[in-house]
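User: I have a structure here that I would like to walk through with you. Could we begin with how the helices sit relative to the strands?

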Amino acid sequence: MKKFKKILTVAATGMIALSLVGCSDNSSKSGSSKPKSSQKVKKTNTQKTSFRKSYDKIKVGDVMQQGNGGSTIKDVKGILGQPESVSSTSVKGFKVKSYSWTKYDTTILVQFSHKKAITKTVSGFKWTRSSNKLSLKAFNSLKDGSSYSTVVNAYGEPDGLSENVVLGKKNVTAVYFTGIKAKNAGASTSFSFTDDKLVSKTQTNLK
C-alpha cells in the first residue's frame with residue numbers, strides 16, 4: 001500500500017507542474033516582443049501548434065505495470081528531438097526519469113519508468129479561440145460524468161494537459177487559460193477525467 005501511494009505521488013507530479021507553469025504563463029510578459037512581419041508570425045504560430053500537437057503522439061503506459069504500453073525514450077526523442085533537461089528521482093526503489101522539452105514558450109514534460117513513458121504534461125501553450133467563451137454559468141452546468149470530447153467540442157482544445165494511466169484507468173487533467181470569461185487576469189479552469197468521464201473541476205476568477 002505504501003509503495004502504491006508513492007507511485008501515485010510521482011504520477012501526480014506532472015499535474016501539479018501543469019497548474020504552476022500555466023499560472024505563471026497566464027500573467028507573463030505582454031507587448032514586450034518586437035514587431036514581426038505577418039508571414040513570420042504565421043510561420044511561428046504554425047511551428048508552435050505543430051510542437052503542441054506532437055504531445056498527442058506520445059503514449060503513456062500503466063504506472064503500476066512498469067510503463068507497459070508507453071512510448072520508449074527513443075520513441076519520444078524521435079518525436080521531440082533531444083531534451084533540454086533530464087532529471088531522475090527514486091522513491092523507495094521506484095525510479096523515475098523526467099525529460100523536458102521547451103519551444104516557443106511551450107513545455108512538454110515526460111516521465112519514464114523502466115524506459116517507458118508513464119506521465120506526460122504540456123503547459124505554456126495558448127490556443128486562439130473562437131467567440132465561444134467558457135463562463136462561470138457554463139462551468140457550473142458541466143456535470144460529473146461529462147466526457148472530455150463534450151468539453152473540447154464546446155470550448156476547444158485545452159491550453160494545458162496532463163495524462164497518466166494507473167491500474168488500467170486513464171487520468172487526464174485539462175486546463176484552460178484562454179477562451180474563458182474572466183473577472184481579472186489569472187483566471188483559469190481545470191477539469192479532471194478518469195476513463196473519459198469528468199470526476200472533478202475547479203475554477204479561479206471565472207465570470
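Analyst: Helix α3 lies across β2 and β3, and its direction runs at about 5 degrees to β2. Please note that this is a predicted model.

User: Which strands does helix α2 touch?

Analyst: Helix α2, residues 38–54, packs on the sheet and touches β2, β3, β4 and β5 (160–166). Its direction makes about 20 degrees with that of β3.

User: And the sheet itself, how many strands form it, and in what order?

Analyst: The open sheet is formed by 8 strands in the order β1-β2-β3-β4-β5-β6-β7-β8, with antiparallel pairing. Because β1 (85–91) and β8 (197–204) each have a single partner strand, they stand at the edges, and one side of each is left without a neighbour in the sheet. From one strand to the next, the twist averages 15 degrees.

User: Over how many bridges do β7 and β8 pair?

Analyst: They pair over 7 bridges, in the antiparallel sense. For S190, the bridge partner in β8 is T202.

User: Changing topic: how many residues are in the largest nonpolar core, and which have the most contacts inside it?

Analyst: That core has 30 residues, and those with the most contacts inside it are I108, V110, Y176 and F191. Elements giving two or more residues to the core include α3 (73–80), β3 (106–113), α4 (136–141) and β7 (188–194). Apart from it lies another core of 5 residues, among them V63, F94, V96 and I118.

User: What is I108 in contact with, leaving aside neighbours within four places in sequence?

Analyst: The contacts of I108 include F51, Y55, I58, L80, Y99, W101 and V122.

User: Y99 and W101 are both aromatic. Why does that pair count as stacked?

Analyst: Their ring centres are 6.2 Å apart and the planes meet at 20 degrees, so the pair is stacked; the cut-off for stacking is under 30 degrees. Both Y99 and W101 are buried, and together with F112 they form one aromatic cluster. The structure holds 6 aromatic pairs.

User: What about F139 and F191, what is the geometry there?

Analyst: F139 and F191 form a tilted pair, 5.7 Å centre to centre with 45 degrees between the planes. The pair links distant parts of the chain, with F139 in helix α4 and F191 in strand β7, 52 residues apart. F139 and F191 are both buried.

User: Last one: which charged ends sit over the rings of F139 and Y55?

Analyst: Over the ring of F139 sits the charged end of K201, 4.8 Å from the ring centre. The charged end of K120 sits over the ring of Y55, 4.3 Å from its centre.

How values were computed:
Residues numbered from 1 in each chain as written. Predicted model: local features only at pLDDT ≥ 70, side-chain atom pairs only at ≥ 80, totals over all residues. Heavy atoms only, no water. Core = buried A, V, L, I, M, F, W, Y, C linked by side-chain atoms within 4.5 Å. Buried < 20%, exposed > 50% of the residue type's maximum accessible area, 1.4 Å probe, protein only. Helix = DSSP H or I, 4+ residues; strand = E, 2+ residues; numbered from the N terminus. Contact = heavy atoms within 4.5 Å. Pairing = 2+ DSSP bridges. Axes fitted to C-alpha atoms, helices over the stretch in contact; angles between N-to-C directions. Phe/Tyr/Trp six-rings, centres within 6.5 Å; stacked < 30°, edge-to-face > 60°. Lys NZ or Arg CZ within 6 Å of the ring centre and 35° of its normal.
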